[in-house]
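Student: I have a structure open and would like to go through the terms used to describe it. Could you take them with me one by one?

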Amino acid sequence: MDKLILYNGPNSPFGRKTKITAIVQDIKIEEKIVKVEQAEFLDNFNPLRKIPTLVIGNDQTIIDSDNICLYFNQISKKKTLFDPDRYWSIMSNISVANGLMEAVLERRMETIRSTDEQSKTFIQKQEIRALRTINWLEKNWTNYKSKQLSMDQIAVACALEYTKFRYTDVWSNDSKKLNEWLEKFNENSFMKMTIPREA
Ligand SMILES: N[C@@H](CCC(=O)N[C@@H](CS)C(=O)NCC(=O)O)C(=O)O
């Protein structure tokens, strides 16, 4: 079996999703934490220079967290995280989670620019999108009672935790059911093992 190297960051929600999938699906990986802005070598593997990026052996690369999760799931002997009976619901929920991660990340990147370069309109747009998405999840989350672990649960938990880490937890009062679900889900060892940390 070729060596699997996962280039990751210390607090990327996309990276956390892939790391959790590797843990749950019992895939042995070597994780290398990089500072993406300085990781020029990564351009050879991924011209977008984004993390996570998975390198298999020396010549194959898997780009994008969703593809990495699908790959880990495919090579695993464990039960699938993409139940065929719920497949399109799972995939759509993952896209919603990814959009939430993106909104919070974009907002964060804008807030750390110098004040004269920042756009308040842009920041506000991302905040409205993030809070609207969480509100939508509160009403439409199909996993409140689910006993079977699935990829959308992992993705949504990573997105909500990243929102708390980088933006706000103010939504937890209005979205009580979702927050209760998250707190229970956070008791899983794979969540405890992958808590984001400051770089
Ligand atoms: N669609 C990508 C998004 C990955 C992504 O945006 N990663 C961020 C870190 S959380 C990144 O590498 N940003 C570096 C940059 O944009 O320069 C995925 O799911 O893997």
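This is a predicted model: local features need pLDDT of at least 70, side-chain atom pairs count only at pLDDT 80 or more; totals for chains, interfaces and linings use all residues.

Student: What makes the peptide bond between Ile51 and Pro52 a cis one?

Tutor: Its omega is about 5°, and the bond joining Ile51 and Pro52 is cis. Most peptide bonds are trans.

Student: Which residue of β4 is the bridge partner of Thr53?

Tutor: Thr53 has Ile63 as its bridge partner in β4. Ile56 stands opposite Gln60 of that strand.

Student: How do you know that β3 and β4 pair?

Tutor: Two strands pair if DSSP finds at least two bridges between them. Strand β3 (residues 53-56) and strand β4 (residues 60-63) have four bridges, in the antiparallel sense, so they meet that criterion. They form a hairpin with three residues between them, and Gly57 in the turn has a positive phi of about 60°.

Student: Why are β2 and β4 called edge strands?

Tutor: The open sheet has four strands in the order β2-β1-β3-β4, with mixed pairing. β2 and β4 each have a single partner strand, so one side of each lacks a neighbour in the sheet. From one strand to the next, the twist averages 20°.

Student: What lies across β3 and β4?

Tutor: That is α2, which runs at about 120° to β4. Helix α2 spans residues 65-75, and Ser65 belongs to it.

Student: Is Ser65 buried or exposed?

Tutor: Ser65 has 28 other C-beta atoms within 10 Å. A residue is buried if that count is 20 or more, so Ser65 is buried. Leaving aside neighbours within four places in sequence, Ser65 is in contact with Phe14, Gly15, Lys17, Thr18 and Pro52. The C-alpha atoms of Ser65 and Gly15 are separated by 6.7 Å, with the two residues 50 apart along the chain.

Student: Why is Arg49 called partly exposed?

Tutor: Arg49 has 17 other C-beta atoms within 10 Å. Buried needs 20 or more and exposed needs 12 or fewer, so Arg49, in between, is partly exposed. Arg49 is found in the loop between β2 and β3, and has a positive phi of about 45° although it is not a glycine.

Student: Why is α3 called roughly parallel to α5?

Tutor: Helix α3 (residues 87-111) and helix α5 (residues 151-166) pack at an angle of about 15°, with their axes 8 Å apart. Angles under 35 degrees count as roughly parallel, so α3 is roughly parallel to α5. The crossing of α3 past α5 is left-handed.

Student: Which residues make the contact between α3 and α5?

Tutor: Among them are Ile90, Ile94, Ala97 and Met101 of α3, with Ala155, Val156, Ala159 and Tyr162 of α5. The residues of the contact divide into twelve nonpolar, three polar and three charged.

Definitions and conventions: Residues are numbered from 1 along each chain as its sequence is written. Helices (H or I, at least four residues) and strands (E, at least two) are DSSP runs, numbered from the N terminus. Axes are lines fitted to C-alpha atoms, for helices over the stretch in contact, and angles run from 0 to 180 degrees between N-to-C directions. Angles under 35 degrees count as roughly parallel, over 145 as roughly antiparallel, 65 to 115 as roughly perpendicular and the rest as oblique. A crossing is left-handed if the near helix is turned anticlockwise from the far one by less than a right angle, and right-handed if clockwise. Two residues are in contact if their C-beta atoms, placed from the backbone, lie within 7 Å. Ala, Val, Leu, Ile, Met, Phe, Trp, Tyr, Cys and Pro count as nonpolar, Asp, Glu, Lys and Arg as charged, and the others, Gly among them, as polar.
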